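User: Hey, can you walk me through this one? I'd like to start with the overall picture and then zoom in.
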Amino acid sequence: FTVNGVLVLQRGSRLDDPVRMARLADMSLYRLDRDSAAAMRAPAEQLIDLAGRYANVTATGRRLDPGLLMTLADELCRLTSEHPAVCLGMARHLPLGSQARGHALFAAVLGGRVAQDMGLEDQARRTLVRAALSMNLSSFSRQDELERGGRGRSRERGEGLVGHRWGPADI
């Protein structure tokens, strides 16, 4: 198996082709003695787990842990780099419980991928993904309210939506 779980050769197979044997020998193959359990999990599982932790970290009413948010962003950056198709395909369909969180995560995946395609250095890519995951954190609940139609908003709440750009300074 490859590290991504793709079967490359069935048990008991015989290789008579030296070119194919050399290609297999050069591949990074699945090993039981891997250091990281995360490396052995399918990329989709890793992304779903990461999304759940992101939803938990950014939950309304919780004090934000910037270090944890940066760790999640760095993991997402690595995952997006190694498995772009999985991340791009799943980013809009993750169970985040919030349109605003989904938007931030999708922007992080897309931004990280574009940054890599542009040849940006690793630190610049991580910074971009971190910024995308932390954008509009203070106004997630307001954005979700607008997504639901925002019916019955008070005048004060409406003014809060207009002035939301000052909220991140409080985080």
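This is a predicted model: local features need pLDDT of at least 70, side-chain atom pairs count only at pLDDT 80 or more; totals for chains, interfaces and linings use all residues.

Analyst: Residues are numbered from 1 along each chain as its sequence is written, and side-chain values use heavy atoms, with hydrogens and water left out.

User: Fine. How many helices and strands does the protein chain have?

Analyst: Nine helices and zero strands. Both are DSSP runs numbered from the N terminus, with helices being H or I of at least four residues and strands E of at least two.

User: And what share of the residues is buried?

Analyst: Of the 171 residues in the protein chain, 27% count as buried. Buried is under 20% relative accessible area, exposed is over 50% and partly exposed is in between, using a 1.4 Å probe and protein chains only. On contacts (heavy atoms within 4.5 Å), residues 24 or more positions apart make up 62% of those with a separation of 6 or more.

User: Let's zoom in on H6. What does it span?

Analyst: H6 covers residues 99-117, which is 19 residues, and reaches 27 Å from its first C-alpha to its last, close to the 27 Å expected at 1.5 Å a residue. The expected span is 1.5 Å times one less than the number of residues.

User: Which residues of H6 are buried?

Analyst: Ala 100, Arg 101, Gly 102, Ala 104, Leu 105, Ala 108, Val 109, Gly 111, Gly 112, Arg 113 and Ala 115.

User: What caps the N-terminal end of H6?

Analyst: Ser 98 does, with a side-chain oxygen 3.3 Å from the backbone nitrogen of Ala 100. A polar atom of the Ser 98 side chain also lies 3.1 Å from the backbone nitrogen of Arg 101. Polar contacts here are pairs of N or O atoms within 3.5 Å; within protein, one must be able to donate a hydrogen and the other to accept it, and residues adjacent in sequence count only if both atoms are side-chain atoms.

User: Where is Ser 98, and is it buried or exposed?

Analyst: Ser 98 is in the loop between H5 and H6. With a relative accessible area of 11%, Ser 98 is buried.

User: What does the side chain of Arg 101 make a polar contact with?

Analyst: The side chain of Thr 58, at 2.7 Å. Thr 58 is in the loop between H3 and H4 and is buried, with a relative accessible area of 9%.

User: And what follows H6?

Analyst: Gly 119, whose phi is positive, near 80°.

User: OK, packing. How do H4 and H6 cross?

Analyst: The axes of H4 (residues 66-82) and H6 come within 9 Å and cross at roughly 55°. That makes H4 oblique to H6. Axes are lines fitted to C-alpha atoms, for helices over the stretch in contact, and angles run from 0 to 180 degrees between N-to-C directions. Under 35 degrees counts as roughly parallel, over 145 as roughly antiparallel, 65 to 115 as roughly perpendicular, and the rest as oblique.

User: Which residues meet there?

Analyst: From H4, Leu 76, Thr 80 and Ser 81; from H6, Leu 105, Ala 108, Val 109, Gly 112, Arg 113 and Gln 116.

User: What about H7 against H6?

Analyst: H6 and H7 pack at an angle of about 165°, with their axes 8 Å apart. That makes H6 roughly antiparallel to H7. The contact involves Ala 104, Leu 105, Ala 107, Ala 108, Gly 111, Gly 112, Ala 115 and Gln 116 of H6, and Arg 125, Leu 128, Val 129, Ala 132 and Leu 133 of H7.

User: And H3?

Analyst: H3 (residues 43-57) and H6 pack at about 125°, with axes 11 Å apart, and are therefore oblique to each other. Leu 50, Tyr 54 and Ala 55 of H3 make the contact with Arg 101, Ala 104 and Leu 105 of H6.

User: Back to H4: what do its buried residues pack against?

Analyst: H3, H5 (84-90), H6 and H7 (122-134). The buried residues of H4 are Leu 69, Leu 72, Ala 73, Leu 76, Cys 77, Leu 79 and Thr 80.
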